[in-house]
Amino acid sequence: MTQPTALIVDDEPDICELLEITLLRMGIDAHSVFNLESAHELLAEQQFDLCLSDMRLPDGNGIDLVRYINETYPQLPVAMITAHGNMESAIEALKAGAFDFVSKPVDLEVLRKLVQQAIKLSKPAEGKIQVKKDSASTHEPMLGNSPAMTRIIKLIEKLARSQAPVYISGESGTGKELAARMIHYQGPRSDHPFVAVNCGAIPQELMESELFGHKKGSFTGATQDNEGLFLSANGGTLFLDEIADLPLHMQVKLLRSIQEKMIRPVGGQKEIPIDVRIISATHKDLSVLVEQGEFRQDLFYRINVIELPLPPLRERSEDIPLLAQHFLTRLARNGGIKKPKLSAEAVKKLKAYPFPGNIRELENILERSVTLLDREKLEADDLLLPNHVSDMDKQTTPQGLGEKMEQVERQAIIEALEDTRWNRTAAAKKLGMSLRSLRYRLEKLEIE
């Protein structure tokens with residue numbers, strides 16, 4: 001096996017020497033240059049597995065080098081060395097395509113972890129990143145051949161090669177957690193945990209303890225130490241779903257943990273270093289919440305280094321047949337039955353439906369329809385769609401106020417259930433109604 005090689009670009013000889021010694025002890029052959037021109041020359045002469053560059057150089061800056069390497073040597077991970085506390089420069093580097101960053105004075109343990117992850121990216125066979133499966137859950141790729149999904153899948157492959165925080169936006173049911181898992185499992189952290197948490201499902205009084213852990217006896221009921229979700233995800237990825245539901249006081253604590261890469265458990269006296277990549281998501285518009293003062297602007301900029309917007313299913317209806325066949329195959333396998341065929345009329349009917357619940361709703365509709373199916377082909381009449389009037393039907397059939405209100409009510413209930421991971425008690429509280437009232441509406445509106 002050939003020895004990995006690294007290119008160091010810094011105009012301070014002492015920094016170059018420190019980095020060379022550190023990398024040499026890791027079994028990595030390092031070469032140092034002091035400016036951009038020399039870096040370009042050496043990159044043209046020799047193949048490298050990693051590049052470490054200072055932000056300020058005599059003939060330019062590290063951002064220029066990041067852009068040059070991304071364009072000319074896209075398989076080469078480049079990490080920036082930034083001034084302590086200069087988060088603006090670090091974020092700018094990440095947006096430009098840097099793999100990660102380390103601040104001066106360089107913490108050698110942080111540097112070693114960064115280097116190990118970067119080397120993983122440059123070593124997979126034929127430049128391909130191997131996708132690994134989560135032993136605790138099914139890890140599936142995102143499906144779709146539409147132009148919108150082709151762009152999304154390519155962007156996910158690019159994001160997997162970075163350590164930058166990613167913000168996934170999109171309506172409920174568009175596959176935000178699936179996209180987060182793909183970013184994790186196609187990246188260098190795939191050997192470490194992927195931990196997903198729905199921020200809206202955690203009671204506010206327990207949120208700090210759940211995220212950062214607590215010490216025994218720190219509050220009533222704390223009968224033993226709890227490491228918290230950050231430490232559970234250490235070395236891997238923490239997916240903060242519905243991050244818009246974080247209360248403001250927790251937003252402050254989260255921001256500090258992300259910036260300092262340290263956490264302090266409830267009741268703890270010492271801060272604990274963490275190495276976690278943050279991926280966040282919500283179906284709400286965070287920029288609007290920032291304007292309304294409900295979400296901190298500084299946290300928004302910190303988590304939204306790169307945005308991954310997922311399109312709703314109605315905007316990529318050409319993917320519906322592929323998704324439907326995928327779900328039917330899985331339903332047949334799990335139910336021990338023969339896979340039903342989808343008729344052309346059934347496909348047409350599915351494409352005409354707007355799917356306010358997106359991909360998750362498509363799966364639920366097919367599951368209900370297959371459960372009651374008594375033949376091998378799934379016809380249009382077999383599809384148990386919610387009350388829906390297509391654009392064609394609207395020309396001849398007026399929609400009453402009652403139907404419109406039911407659609408609005410149905411969508412609000414589904415969103416509340418999805419926000420709380422289908423916890424009915426929490427959803428009822430979110431909707432401002434009693435659990436009994438919610439149960440009645442679920443039955444009336446045929447929401448399963």
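This is a predicted model: local features need pLDDT of at least 70, side-chain atom pairs count only at pLDDT 80 or more; totals for chains, interfaces and linings use all residues.
**How α8 and α10 pack**

- Helix α8 covers residues 204-212 and helix α10 covers residues 248-260; they pack at an angle of about 15°, with their axes 11 Å apart.
- That angle makes α8 roughly parallel to α10.
- Sort the contact residues by class and you get five nonpolar, one polar and two charged.

**The largest cavity**

- This one has a volume of about 220 Å³.
- It's lined by 17 residues, and the closest to its centre are Gln-163, Ile-258, Lys-261, Val-276 and Arg-277.
- Helix α10 turns up here again: α10, β7 (100-103) and β13 (277-282) each supply at least two lining residues.
- The lining has nine nonpolar, two polar and six charged residues.

**The second largest cavity**

- Here the volume is about 120 Å³.
- Of the 13 lining residues, Glu-361, Asn-364, Arg-410, Ile-414 and Trp-422 lie nearest the centre.
- Both α15 (358-371) and α17 (401-419) supply at least two residues of this lining, and α15 gives the most, with five.
- By class, this lining has seven charged, four nonpolar and two polar residues.

How values were computed. Residues are numbered from 1 along each chain as its sequence is written. Side-chain values use heavy atoms; hydrogens and water are left out. Axes are lines fitted to C-alpha atoms, for helices over the stretch in contact, and angles run from 0 to 180 degrees between N-to-C directions. Helices (H or I, at least four residues) and strands (E, at least two) are DSSP runs, numbered from the N terminus. Angles under 35 degrees count as roughly parallel, over 145 as roughly antiparallel, 65 to 115 as roughly perpendicular and the rest as oblique. Ala, Val, Leu, Ile, Met, Phe, Trp, Tyr, Cys and Pro count as nonpolar, Asp, Glu, Lys and Arg as charged, and the others, Gly among them, as polar. On a 1 Å grid over the protein atoms alone, a cavity is a set of points where a 1.4 Å probe fits but cannot get out, and a pocket is an open set with protein on both sides within 12 Å along at least five of seven lines; lining residues have an atom within 4 Å of a point. Grid points are joined across faces, edges and corners, and a volume is the space filled by probe spheres set on the points.
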